[in-house]
Amino acid sequence: MAVVHPPKHIVWSTDRVDLSDPFLRRWYIQQVLIHGRAEDITILDIEEIESIMDDLILPPDVRNLWQNFLE
């Protein structure tokens, strides 16, 4: 089981997220992309972000930023 203890600026509703659950993993990545700092984003896998981008619910400016970056 891959459990992370996210910083409060990313996830404030819990102190643990089980990344082995696909739903929670997508949700956590989404939270990091929206609320994360540079050091938080660097731990993410860019290829994974690219593969799930269409499934993420992101504010338009965040989505545009990531889509431009991934191109």
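Below is a chat about the packing and side-chain pairs of a predicted model.

User: Hi! What kind of model is this, and what pLDDT do local features need?
Analyst: Hello! This is a predicted model, where local features need pLDDT of at least 70 and side-chain atom pairs count only at pLDDT 80 or more, while totals for chains, interfaces and linings use all residues. Residues are numbered from 1 along each chain as its sequence is written, and side-chain values use heavy atoms, with hydrogens and water left out.

User: Great. How many residues are in the largest nonpolar core?
Analyst: The largest nonpolar core has 18 residues. Such a core is a set of buried Ala, Val, Leu, Ile, Met, Phe, Trp, Tyr and Cys residues joined through side-chain atoms within 4.5 Å. Buried means under 20% relative accessible area, exposed over 50%, and partly exposed in between, with a 1.4 Å probe and protein chains only. Among the residues with the most contacts inside this core are Tyr28, Ile29, Ile49 and Trp66.

User: Which elements give two or more residues to it?
Analyst: Those are helix 1 (22-35), helix 3 (46-52) and helix 4 (60-70). The largest share, 4 residues, comes from helix 1. Helices (H or I, at least four residues) and strands (E, at least two) are DSSP runs, numbered from the N terminus.

User: What does Ile49 touch, then?
Analyst: Leaving aside neighbours within four places in sequence, Ile49 is in contact with Ile29, Leu33, Leu44, Trp66 and Leu70. Contact here means heavy atoms within 4.5 Å.

User: Leu44 is on that list. Where does Leu44 sit?
Analyst: Leu44 is in the loop between helix 2 (38-41) and helix 3. Leu44 counts as buried, at 14% relative accessibility. Not counting residues up to four places away in sequence, Leu44 touches Ile29, Val32, Leu33 and Ile49. The C-alpha atoms of Leu44 and Ile29 are separated by 7.5 Å, though the two are 15 residues apart along the chain.

User: Back to helix 1. Which of its residues are buried?
Analyst: Tyr28, Ile29, Gln30, Gln31, Val32 and Leu33 are the buried residues of helix 1. They pack against strand 1 (3-4), strand 2 (17-18), helix 2, helix 3 and helix 4.

User: New topic: how many salt bridges does a search of the whole structure find?
Analyst: The search finds 1 salt bridge, meaning a side-chain nitrogen of Lys or Arg within 4 Å of a carboxyl oxygen of Asp or Glu. The side chains of Arg25 and Glu48 meet in it, at 2.7 Å from N to O. Arg25 lies in helix 1 and Glu48 in helix 3, so the pair ties together parts that are 23 residues apart in sequence. Arg25 is partly exposed, with a relative accessible area of 31%.

User: And how many aromatic pairs?
Analyst: The count comes to 1 aromatic pair. Trp66 and Phe69 form it edge-to-face, 5.4 Å centre to centre with 80° between the planes. Rings of Phe, Tyr and Trp (its six-membered ring) pair if their centres lie within 6.5 Å; planes under 30 degrees apart count as stacked, over 60 as edge-to-face and the rest as tilted.

User: Are those two buried or exposed?
Analyst: Trp66 is buried, with a relative accessible area of 6%, whereas Phe69 counts as exposed at 53% relative accessibility. Being 3 residues apart in helix 4, Trp66 and Phe69 are separated by about one helical turn.
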